[in-house]
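Open the model in your viewer and keep the selection panel at hand. The tour goes stop by stop.

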Amino acid sequence: MAKNMYECIIVGAGIAGLQAAIQLGRYMHNVLVIDSHNGRSNLCRGYHNILGWPNGVSGQTLRELGQKQAKSLGIEFINDLVIEAEKHDKEILLRTKQGTEYKTKTLLISTGIKDRIPTIKDIEPCLGISIYVCPDCDGYEVRDKHVLLLGSGSTGANLALTLTYWTNRITFINHDSKELELDIKDKLKQNNITIINEQIEAVIAENESSFKGVKLNNGQTVSGDRGFIGFGGNLVHSELAKQLGVELLENKHVLVDPRTKETNITNVWAAGDVVAHSEQVTIAMADGCQAAIWIHKRLLKGT
């Protein structure tokens, strides 16, 4: 096979991309993974709802183990950012930020999303350990604790209401002081959720697992046992999909065939959080595996 020509290129080495790489490596295909090391899973210090990891596992650990496993199967990795994608008959051309061109028979887009987190001092070390993002993943971790919902507007308010399933002690810090609709205000009041309209300056924590609260820009400190973030405006990395003519939802998530994970563009697949689903690590993993199975089937047919 010609230099820079692959049977499959995977863009994004998050959970979905790595699982796909492992599966395709076991099929012994010639695969390249291009990743800019800017994925969402890099930030999470602890996933707690994954089979086999009862004490939690960090996104970094999963990525390191996954990449090691994929490399042992002959998968090639390059640290770069794909900025352009074009489809020419049965080949897909990718151009990267470093100016390199790659060609592939099949493409898997697993570029994920990025949470909008304002600049708040000392927040990152606590993410996934004592400050959480996803209630389905980590609502259990805050049961009966005093939660500070660090968020903005209706996104933060609705997340605060969601967390009442696990705890009735919630303070919503409306970081951007966005106006809330009257019905949401009423629901917050009914659930005894305090609203503070003030920017958050810093997280107060003795260490990553010992969240104590936050310091606000006005000098006030607010104590709490755990934190949750809900700022809204998350960035969906579906730019490459759009360039290729892939069908997107209004929220920019990619639409795929539920069974095969192939998009409406032949030989272009998508998996993980960039796809329209519930943004769970385990689902991203399954997406990646399922996409790889159908990519293999297509390669057997000679695309």
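**Before you start**

This is a predicted model, where local features need pLDDT of at least 70, side-chain atom pairs count only at pLDDT 80 or more, and totals for chains, interfaces and linings use all residues. Residues are numbered from 1 along each chain as its sequence is written, and side-chain values use heavy atoms, with hydrogens and water left out.

**Stop 1: Arg63 and Asp35**

Select Arg63 and Asp35. Their side chains form a salt bridge, with N to O at 3.0 Å. The term takes a side-chain nitrogen of Lys or Arg within 4 Å of a carboxyl oxygen of Asp or Glu. Arg63 sits in helix α2 (residues 59-72) and Asp35 in strand β2 (residues 31-35), so the bridge ties together parts 28 residues apart in sequence. Helices (H or I, at least four residues) and strands (E, at least two) are DSSP runs, numbered from the N terminus.

Are these two buried or exposed? Arg63 is buried, at 8% relative accessibility. Asp35 is buried as well, at 9%. Buried means under 20% relative accessible area, exposed over 50%, and partly exposed in between (1.4 Å probe, protein chains only).

**Stop 2: Glu91 and Lys103**

Move to Glu91 and Lys103. This salt bridge has an N to O distance of 4.0 Å. Glu91 is partly exposed at 34% relative accessibility. Lys103 is partly exposed at 38%.

**Stop 3: Glu201 and Lys215**

Now pick Glu201 and Lys215. The closest N and O atoms of this salt bridge are 3.8 Å apart. Glu201 lies in strand β12 (residues 200-205) and Lys215 in strand β13 (residues 211-216), so the pair ties together parts 14 residues apart in sequence. Glu201 is partly exposed at 35%. Lys215 is partly exposed at 33%.

Next, select Arg40, Asp115, Asp273 and Glu279 together. Salt bridges that share partners join these four residues into one network. How many salt bridges does the structure have by this rule? The count is 14.

**Stop 4: aromatic rings**

Switch to the rings. The structure holds 3 aromatic pairs. Tyr132 and Phe228 form a tilted pair, 5.6 Å centre to centre with 50° between the planes. Tyr132 is in strand β8 (residues 131-132) and Phe228 in strand β15 (residues 226-230), so this pair ties together parts 96 residues apart in sequence. Tyr132 is buried at 2% relative accessibility. Phe228 is buried at 0%.

Then select Tyr165 and Trp166. Their ring centres are 5.0 Å apart and their planes at 80°, so the pair is edge-to-face. Rings of Phe, Tyr and Trp (its six-membered ring) pair if their centres lie within 6.5 Å; planes under 30 degrees apart count as stacked, over 60 as edge-to-face and the rest as tilted. Tyr165 is exposed, with a relative accessible area of 68%.

**Stop 5: charges over rings**

Two selections belong here. The charged end of Arg143 sits over the ring of Tyr140, 3.8 Å from the ring centre. The charged end of Lys297 sits over the ring of Trp294, 5.2 Å from the ring centre. The rule asks for NZ of Lys or CZ of Arg within 6 Å of the ring centre and within 35 degrees of the ring normal.

**Stop 6: His253**

Centre on His253. This residue is in the loop between α6 (239-243) and β17 (268-270). His253 is buried at 8% relative accessibility. A polar atom of its side chain lies 3.3 Å from the backbone oxygen of Val274.

Show the surroundings. Not counting residues up to four places away in sequence, His253 touches Ile113, Val236, Glu247, Leu248, Asp273, Val274, Val275, Ala276 and Glu279. Contact here means heavy atoms within 4.5 Å.

**Stop 7: positive phi**

Stay in the loop between α6 and β17, and select Asn267. Phi of Asn267 is near 75°, a positive value in a residue other than glycine. Asn267 is buried, with a relative accessible area of 3%.

Finish at Ser177, in the loop between β10 (170-174) and α5 (182-190). Phi of Ser177 is positive too, near 55°. Ser177 is partly exposed at 39% relative accessibility.

How values were computed:
Polar contact = N/O pair within 3.5 Å; in protein donor to acceptor, adjacent residues only side chain to side chain.
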